[in-house]
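Please look over the sequence and the structure, and then follow the sections below.

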Amino acid sequence: MEALDRQAKVAPALQRPIDNSYATAELLAYMALGKYWYQILLYWQKKMSAHWGQEPSLKRMADLIEAIAYWFKPIYGCMREKLIASGYLQANGNARGAEMV
């Protein structure tokens, strides 16, 4: 039986979603969920990030959120078209017929 090769294998690093940025896909998802789902202001996310050893500037965090929003722009457009085509709009819990302008 041949001897097992016991050298550690090192996989290449994953490509970052944003060039020249330390932000991983996981970090971007964390930031977006914090901002849009849990409604945590970027200021508080910045303060919370100090716990894991990194405190990026608010400007950098805003730039990352802007990049995320840009990626979702085609989805927003599709949702808007379907909403307008439906003739029905619900906002703030009050149902109203959508007015075409």
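Which residue follows α3, and what is its phi? In this model, which is predicted rather than determined by experiment, α3 is followed by G87, and the phi of G87 is positive, near 75°.

## The chain as a whole

The secondary structure of the protein chain comes to 3 helices and 2 strands, and along the sequence these elements follow the pattern α-α-α-β-β. The chain has 101 residues, of which buried residues make up 18%.

The accessible surface of the protein chain comes to about 8,900 Å², and 59% of that surface belongs to carbon and sulfur atoms. Among the contacts with a separation of 6 or more, 35% are accounted for by residues 24 or more positions apart.

## Helix α3 and what it packs against

Helix α3 spans residues 58-86, and it has a kink of about 50° at F72, shortly before the proline P74. The buried residues of this helix are M61, L64, I65, A67 and I68, and the buried residues of α3 pack against both α1 and α2.

One of these buried residues, M61, is also touched by Q45. Q45 is found in helix α2, and it counts as buried because its relative accessibility of 5% falls under the 20% cut-off. Leaving aside residues up to four places away in sequence, Q45 touches Y30, M31, G34, K35, I40 and M61.

## Salt bridges

Side chains of opposite charge can pair when their charged atoms come close. A search of the whole structure finds 3 salt bridges. One of them is formed by K59 with D63, whose closest N and O atoms are 2.9 Å apart; both residues lie in helix α3, 4 residues apart, which is about one turn of the helix. K59 is exposed, with a relative accessible area of 57%, whereas D63 is partly exposed, at 26%.

Elsewhere, salt bridges that share partners join K46, K47 and E55 into one network. E55 forms a salt bridge with K46, in which the closest N and O atoms are 2.9 Å apart, and the side chains of K47 and E55 meet in a salt bridge of 4.0 Å, N to O.

Methods:
Residues numbered from 1 in each chain as written. Predicted model: local features only at pLDDT ≥ 70, side-chain atom pairs only at ≥ 80, totals over all residues. Heavy atoms only, no water. Bend = angle between axes of the 7 residues up to and from the residue. Buried < 20%, exposed > 50% of the residue type's maximum accessible area, 1.4 Å probe, protein only. Contact = heavy atoms within 4.5 Å. Areas by Shrake-Rupley, 256 points an atom, 1.4 Å probe, with all protein chains shown as cover.
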